Amino acid sequence: MSEAFSPWQARALDGALDALARGRLGHATLLRGPERLGKRAVADALARRLLCTQAEGAQQACGACRGCRLLASGTHPDFRMVTLEVNPNTDKLRTEIVIEQIRQLGEWFALTSQFGGAQVALIDPADQLNVAAANALLKTLEEPSQDRYLLLVGSRPARLPATIRSRCQSIEFRLPPHAEALAWLARRGGGDAGTALEAARGHPGLAAEWLDAGALALRAQVRDELAEVGAGTASAVEVAARWTADEQAPLRLRFAADLALERAGELTGAQPQARSGLTAVTAFQKLSAWFDAANRTRDLLRTTVRADLAVAGLLHQWRDACAGARGEAPTRRGTR
Ligand SMILES: [Zn+2]
């Protein structure tokens with residue numbers, strides 16, 4: 001199964017399986033690190049291995065025993081999944097894991113295993129346990145028991161109380177070395193791996209997602225339109241209307257923010273003959289400020305604010321910053 005995994009996923013899983021083989025796999029394991037690196041798939045594979053009844057001494061679940069088949073069909077009595085649930089009062093998905101879920105988990109763990117083997121619970125996203133739920137989980141962690149495994153998956157582990165983190169073994173996911181990420185992306189196919197990886201600042205999971213969604217063309221378009229607004233050849237209002245006409249608006253703003261940061265980065269390495277040091281510093285500060293503004297505007301899109309107006313305001317700032325960098329006075333708003 002691990003051949004379908006990326007090299008960094010395979011390393012993480014192999015590490016856990018080695019620990020299991022040596023009898024050193026902890027009662028609680030926290031799979032932590034950036035989103036989109038495949039932590040959950042590794043946790044799932046580990047759960048499969050723990051619940052396989054024919055895997056003694058083997059690295060992988062057999063896929064054929066009763067345990068494997070029940071887990072695959074979602075009906076294994078010794079497996080529990082804890083995740084965000086719909087609030088029955090509002091019919092909306094909760095944004096946190098609540099204490100009731102963890103209490104039920106504790107009660108379930110207190111029962112004996114139906115198959116006489118391991119009991120496995122997976123909590124994802126573990127960093128969205130609320131305070132009461134985290135405190136309840138701590139009780140479970142304080143009473144470890146053989147053959148009970150708790151797998152926690154979280155991309156923002158700092159949100160978990162230190163008391164929980166300290167009771168977990170960590171499997172840390174990090175961005176892989178550039179060459180490894182590039183080779184993996186190239187094997188997947190689907191487009192220009194190098195450009196995608198550069199756009200995603202070395203994050204292969206994000207690059208893969210963008211390749212799959214054809215997002216690089218969108219990024220190139222954002223780059224062109226930013227240049228046009230900056231040069232005063234396109235209207236901020238019209239570009240804002242285009243950027244917010246579909247559900248890609250947040251991704252466009254993400255790309256725009258990244259492109260501003262990229263330009264700021266180029267300035268720090270700028271050749272002294274290109275511009276005076278002072279101008280470069282001012283331009284750098286403006287680009288950094290605009291990066292923040294673009295990200296704030298992206299957050300605003302989730303609220304009820306008029307998206308086109310918010311983005312038009314942002315693009316006016318961009319135009320003024322570019323005009324300032326050329327030594328021109330900012331143009332009056334509303335003229336374009
Ligand atoms: Zn099996």
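This is a predicted model: local features need pLDDT of at least 70, side-chain atom pairs count only at pLDDT 80 or more; totals for chains, interfaces and linings use all residues.
# Briefing: zinc site, domains, helix packing and backbone features

H10 passes H12 in a right-handed crossing. The protein chain is divided into two parts, domain 1 spanning 2-174 and domain 2 spanning 214-325. A zinc ion is held by four cysteine donors, Cys52, Cys62, Cys65 and Cys68, and its site is tetrahedral. The points below take up helix packing, the metal site, the domains and selected residues in turn.

**Helix packing**

- Two packed helices are described by the angle between their axes and the distance between the axes.
- Helix H10 comprises residues 215-231 and helix H12 comprises residues 249-268; their axes come within 9 Å and cross at roughly 60 degrees. Because of that angle, H10 is oblique to H12.
- A second pair is formed by helix H7 (residues 178-188) and helix H9 (residues 204-212), which pack at an angle of about 25 degrees with their axes 10 Å apart.
- Angles under 35 degrees count as roughly parallel, and H7 and H9 are therefore roughly parallel to each other.
- The crossing of H7 and H9 is right-handed.

**Zinc site**

- The protein donors of the zinc ion are the SG atoms of Cys52, Cys62, Cys65 and Cys68, at 2.2 to 2.3 Å from the ion.
- The 4 donor atoms make angles of 105 to 118 degrees, and the site is tetrahedral.
- For four tetrahedral donors, the ideal angle at a metal is 109.5 degrees.
- Along the sequence, the donor residues follow the spacing C-x9-C-x2-C-x2-C.

**Domain arrangement**

- Domain 1 covers residues 2-174, and domain 2 covers residues 214-325.
- The C-alpha centres of domain 1 and domain 2 are separated by 41 Å.
- Ala280 is placed in helix H13, which runs over residues 277-300. At 14% relative accessibility, Ala280 counts as buried, since buried means under 20%.
- Between Ala280 and Pro176 there are 104 residues of sequence separation and a C-alpha to C-alpha distance of 33 Å.

**Backbone features in loops**

- Asp124 and Pro125 are joined by a cis peptide bond, with omega about 5 degrees. Pro125 belongs to the loop between strand S5 (119-123) and helix H5 (131-142).
- Arg36, a residue other than glycine, has a positive phi near 65 degrees. The loop that contains Arg36 lies between strand S1 (28-32) and helix H2 (39-51).
- With a relative accessibility of 41%, Arg36 counts as partly exposed.
- Asp91 likewise is not a glycine, yet its phi is positive, at about 65 degrees. Asp91 is found in the loop between strand S3 (86-87) and strand S4 (92-93).
- Asp91 counts as exposed because its relative accessibility is 64%, the cut-off for exposed being over 50%.

How values were computed:
Residues are numbered from 1 along each chain as its sequence is written. Side-chain values use heavy atoms; hydrogens and water are left out. Donors are N, O and S atoms within 2.8 Å of the metal (3.2 Å for Na, K and Ca); water is not among the atoms, so sites may look incomplete. Four donors count as tetrahedral if all angles lie between 85 and 135 degrees; four count as square planar and six as octahedral if opposite donors are over 155 degrees apart and all others between 65 and 115; anything else is irregular. Domain bounds come from an automatic or database domain assignment. Axes are lines fitted to C-alpha atoms, for helices over the stretch in contact, and angles run from 0 to 180 degrees between N-to-C directions. Helices (H or I, at least four residues) and strands (E, at least two) are DSSP runs, numbered from the N terminus. Angles under 35 degrees count as roughly parallel, over 145 as roughly antiparallel, 65 to 115 as roughly perpendicular and the rest as oblique. A crossing is left-handed if the near helix is turned anticlockwise from the far one by less than a right angle, and right-handed if clockwise. Buried means under 20% relative accessible area, exposed over 50%, partly exposed in between (1.4 Å probe, protein chains only).
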